[in-house]
Number of protein chains: 2
Amino acid sequence: MSAVQEYIESNKEKFKEELFEILRIPSISTSSAHKQHVGKAADFLVDQLESLDLDRVTRFKTDGNPIVYGELTTDPEKPTVLVYGHYDVQPPDPEDLWDTPPFEPTVRNGDIYARGASDDKGQSFTHVKALESYIKSGTDFPVNIKYIFEGEEEVGSPNLVPFIKEHRELLECDMVLISDTAMFAEDTPSITYGLRGLAYMEVEVIGPNRDLHSGVYGGAVDNPANVLSEMIAQLRDEDGRIQIPGFYDAVKPLTEKEREAYRNLPFDEEEYKDKLGLKALNGEKGYSTLERASARPTLDVNGLWSGYQGEGAKTVLPSKAGAKISMRLVPDQDPKEIAKLFTEHIQSIAPETVTVEVTEHHGGHPSITDLSFYGLKAAGKAFEEVYQKEPLFAREGGSIPIVADFQKVLGAQSILMGFGLNSDAIHSPNEKFALKDFYRGIKTSAKFFELLPEYSE
Amino acid sequence: MSAVQEYIESNKEKFKEELFEILRIPSISTSSAHKQHVGKAADFLVDQLESLDLDRVTRFKTDGNPIVYGELTTDPEKPTVLVYGHYDVQPPDPEDLWDTPPFEPTVRNGDIYARGASDDKGQSFTHVKALESYIKSGTDFPVNIKYIFEGEEEVGSPNLVPFIKEHRELLECDMVLISDTAMFAEDTPSITYGLRGLAYMEVEVIGPNRDLHSGVYGGAVDNPANVLSEMIAQLRDEDGRIQIPGFYDAVKPLTEKEREAYRNLPFDEEEYKDKLGLKALNGEKGYSTLERASARPTLDVNGLWSGYQGEGAKTVLPSKAGAKISMRLVPDQDPKEIAKLFTEHIQSIAPETVTVEVTEHHGGHPSITDLSFYGLKAAGKAFEEVYQKEPLFAREGGSIPIVADFQKVLGAQSILMGFGLNSDAIHSPNEKFALKDFYRGIKTSAKFFELLPEYSE
């Protein structure tokens, strides 16, 4: 065993304790009330990087939350890897569904339970600990490395693209390494080569100028909650096809080869349903579950509200009704274009009895990485050595819009080296991350850096 | 001027202060947290009645909130009037939309602003003050009177019907007098002879066993919020006809005479829209706005919730979605039957991808009072003398289910002597009641008691 892998083996407890430190910080970026905690999480990463004697560590201010940057150049001839991660997390609500408090990390059955355990504190921290294992074991680091950690991923990274545009030279690299995705299944290492994009909208339907009594006005006045429901219902047909004109225009059809690859992925639909407690699945007709979940665009209601939501009954005809509605996008759909089509369509189907306001939240481009890229191959080999299993290459349904931006601004392809699981319940109560995958992640990262120079030749 | 009317004139300030006392009590029956306040409001009425030297005042315990009873028999040969009112109120939310706090009554531009000002503390209190004006001015009270005030009207009066069934003899009367409705317009006294019934339901659509990430699962799994919207959309067709099989079976069609009467009611549709801030109205095709608002059944979403409702964006595919949906009913629809048809229909249109739970909240029968009843005529004359204007006789869209119950259990018709206005914003922020109508209400009530004996002959 190399000195590096030995260091990892003998420092597991220390790594875990350090991860717990950052998991205890409620760095929720969607809520302005947590601004201070977000800053604290950034400070933690600055301290971590500073302890590794890098050439440079900087806490960059932005218009929003800070960006933590670090770099170590060992040999300009060697490949340069830019590690990207995010230290902000989703809100924990509904908080009463957590078995243990979201910001008190707890290990149960080999899993770390905490908000951010998998997404993305736990996963991105592996690459910091990998470098540490070289430095502290006195081993020369085999490549050049740069780190960029942001605190606004969960709100659409509004300041990251401006930052990478402004710091194009500083961030120059041969590839971007990101661990913010899931493995295909337990003990099944996987490399994600495609991601969906996102257009996230908010719709407000406004009817009468105040809440009305549903007895006095019911029947005479159009009800915004009924109208909103009727509008949402019109957005998809019975076959699950999205009814926004032009929505599918830029969608690249799946090739027969891709569909073949999808059919060959290990997938047990019964088990999938069982785990979700579902009797049946449903979605766009003509596509398999895996295709629908990763290679086809969607339209989902993420939030819905109107009128009285309390205990008992209130006979109110609500003045307003609202919904958050997001669409996952696939190559080559453009989030701005889709947001525009959505807005136009929603306005076109709104009855004259109401006013409809549409707001655009964050969006992101879909992306695909070239399967022949040497970085991807080195990553595959690293996985194979640590997990003793050849990794799968698959597309994933989630969005990491920054992947498309790194491609566009830095000309760098991304390697999505996921150590999480789909069952990690990211964005849900009881988010978790397997302790063994935290450790294997550190080992895989270290192995990847070791293998990269030879693959680059 | 009679001694009674003189007493009213010279005690306006005192009456107002007393009304403010009960308006200050947040007797919200829909929230168990306010149980104590509900009891306090009952105590207030007990004190009020006890100060009038009645034959009997009793605070009856029920399984829920107390029922306050009082009676005064002057001459068994004279008609007996049972005054019904409720001292409980709707919740004040959304509380931030109130210009002044809901439980700090404030007079602005001649209106009393407070939760319960119109519905029903202010209106029902007129009949207590009318009796006081006889007693304290030393005038013989011309009829026999009984009072029954409940504290559960806003939660469907679950204990009132058992109470009147149990106390049939105690409550024996020639008519029921209720002030819990609105006048047709300002300075336009009106007597309501028809009321709609109510069936109030709650629907919960349950999909996956936890909130999911909309990127990872979106497209593969049916989204309960989309499903709920689609189900609600199916409940009405484009003509506003409710699509529940059997829903209209028991509806008595409007006669041509009734429709003629509707057309003759003073109604300015442009003004109606303006006051509500609406560009257009909508409802069941083939019926006028007034017909739709009072003589036709409806289906309204009163509340809607799912997923993330906070600031910003959360990419959640929610595990559940819920709605409160109520239907206003007209003669001879039966609330229990309609609740059953609704439940069956909802279950029949639910896709197999979700589980749907339907709960029945309170319901009530629709009702119609005979236009030739002498009590109605005396009430009309009392209005005419006080308001110097002939009252209109109209049906109203709201529900007072107890009216049907009084008819059924006590064999007594109800006189709905409304002093409120449709613009009183009952069940909404900034509920109000015109101070002048509070005083005219007391005068009309006193005049009604004075006229009743001669009309009964």
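Which residues in α2(A) meet which residues in α4(A)? Before I answer, note that this is a predicted model.

From α2(A) the residues are A:Phe15, A:Leu19, A:Ile22 and A:Leu23. They meet A:Lys121, A:Gly122, A:Phe125 and A:Lys129 in α4(A). To place the helices, α2 covers residues 12-23 of chain A and α4 covers residues 121-136. Their axes come within 11 Å and cross at roughly 135 degrees. That angle makes α2(A) oblique to α4(A), and the crossing is right-handed. Sorted by class, the contact of α2(A) with α4(A) has five nonpolar, one polar and two charged residues.

Now chain A as a whole. Its secondary structure comes to 13 helices and 20 strands. The C-alpha trace spans about 80 × 50 × 45 Å along its principal axes.

Three strands make an open sheet in the order β4-β5-β20, with antiparallel pairing. The edges are β4, at 106-108, and β20, at 432-434, each pairing on one side only. From one strand to the next the twist averages 30 degrees. Between β4(A) and β5(A), the latter being residues 111-113, there are three bridges in the antiparallel sense.

Let me switch to chain B for one helix pair. Helix α4 (residues 121-136) and helix α13 (residues 435-455) of chain B pack with their axes 8 Å apart, at an angle of about 55 degrees. α4(B) and α13(B) are therefore oblique to each other. Their crossing is right-handed. On the α4(B) side the contact includes B:Gly122, B:Thr126, B:Ala130 and B:Tyr134; on the α13(B) side, B:Phe438, B:Ile442 and B:Phe449 are among the residues involved. The contact of α4(B) with α13(B) divides into six nonpolar, seven polar and one charged.

That brings us to the two chains together. How many residues does the contact take from each chain? It is 81 from chain A and 81 from chain B. Several elements of chain A each supply at least two residues to the side that touches chain B, including α6 (224-233), α9 (289-294), β12 (300-307) and β14 (320-329). β12(A) gives the most, with eight residues. By class, that side of chain A has 29 nonpolar, 37 polar and 15 charged residues.

β12(A) and β12 of chain B, residues 300-307, pair in the antiparallel sense over five bridges. One position to look at is A:Ser306, which stands opposite B:Leu304 in β12(B). The pair sits within an open sheet of eight strands, in the order β15(A)-β10(A)-β14(A)-β12(A)-β12(B)-β14(B)-β10(B)-β15(B), with antiparallel pairing. The edge strands are β15 of chain A and β15 (355-364) of chain B. Here the twist averages 15 degrees from one strand to the next. Further along that sheet, β10(A), residues 197-206, pairs with β14(A) over ten bridges, again antiparallel. In that pairing A:Glu202 stands opposite A:Lys324 in β14(A).

Last item: helix α6. α6(A) lies across β10, β12 and β14 of chain A together with β12 of chain B, and runs at about 15 degrees to β14(A). α6(A) also packs against α6(B), residues 224-233 of chain B, with axes 7 Å apart and an angle of about 110 degrees. The two are therefore roughly perpendicular to each other. α6(A) passes α6(B) in a left-handed crossing. Which residues make that contact? From α6(A) they are A:Asn226, A:Ser229, A:Glu230, A:Ile232 and A:Ala233, and from α6(B) they are B:Asn226, B:Ser229, B:Glu230, B:Ile232 and B:Ala233. The contact of α6(A) with α6(B) divides into four nonpolar, four polar and two charged residues.

Terms used: Residues numbered from 1 in each chain as written. Chains lettered and ligands numbered in written order. Predicted model: local features only at pLDDT ≥ 70, side-chain atom pairs only at ≥ 80, totals over all residues. Contact = placed C-beta atoms within 7 Å. Helix = DSSP H or I, 4+ residues; strand = E, 2+ residues; numbered from the N terminus. Nonpolar A, V, L, I, M, F, W, Y, C, P; charged D, E, K, R; others polar. Pairing = 2+ DSSP bridges. Axes fitted to C-alpha atoms, helices over the stretch in contact; angles between N-to-C directions. Parallel < 35°, antiparallel > 145°, perpendicular 65-115°, else oblique. Left-handed = near helix turned anticlockwise from the far one by under 90°.
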